[in-house]
Amino acid sequence: MSNDEGGICPNCGLPQDLCVCETIAQEEARINVTVERRKWGRLTLILEGFDKNIDLNDLATKLKAKLACGGAAKHGHIELQGDHRANIGEVLEKLGFPKEAINIDWSFQQTGRR
Ligand SMILES: [Zn+2]
């Protein structure tokens, strides 16, 4: 059972191989990147603000591979393990997101680092 071949995009009605919804969604994305401290003091990078046309599971997989970290897509946002703010902009750009779309919150400071 696969809908991958010959599928029609539910958004624009074009065949999947002609559909540019995801490209447009990437260009119009406004991604907010923040860092949170989770239990055990683990830092988690959170990416929010994606358009619903973006396949977050697919994007999370690519980001995890490029940044060599764990993480997952969850309910409209992506969480990655660790503070990747220094690299995430470049990685997202390589995946097709415009630089202007990426808003990184640098206010979180890592303290008590061993
Ligand atoms: Zn489409």
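How many helices and strands are there in the protein? There are three helices and five strands, where helices (H or I, at least four residues) and strands (E, at least two) are DSSP runs numbered from the N terminus. This is a predicted model, in which local features need pLDDT of at least 70 and side-chain atom pairs count only at pLDDT 80 or more, while totals for chains, interfaces and linings use all residues. Residues are numbered from 1 along each chain as its sequence is written.

Read from the N terminus, the elements follow the order α-β-β-α-β-β-α-β, and the C-alpha atoms fill a box of roughly 55 × 35 × 20 Å along the principal axes. Of the 114 residues, 16% are buried, a residue being buried if 20 or more other C-beta atoms, placed from the backbone, lie within 10 Å of its own, exposed if 12 or fewer do, and partly exposed in between.

N53 sits in the loop between β2 (43–48) and α2 (56–67), and N53 counts as partly exposed because 19 other C-beta atoms lie within 10 Å. Beyond its neighbours within four places in sequence, N53 is in contact (C-beta atoms, placed from the backbone, within 7 Å) with N11, C21, E22 and A25.

The helix α2 has twelve residues, and at 1.5 Å a residue α2 should span 16 Å, which agrees with the 16 Å between its end C-alpha atoms; the expected span is 1.5 Å times one less than the number of residues. After α2 comes A68, whose phi is positive, near 50°.

Definitions and conventions. Two residues are in contact if their C-beta atoms, placed from the backbone, lie within 7 Å.
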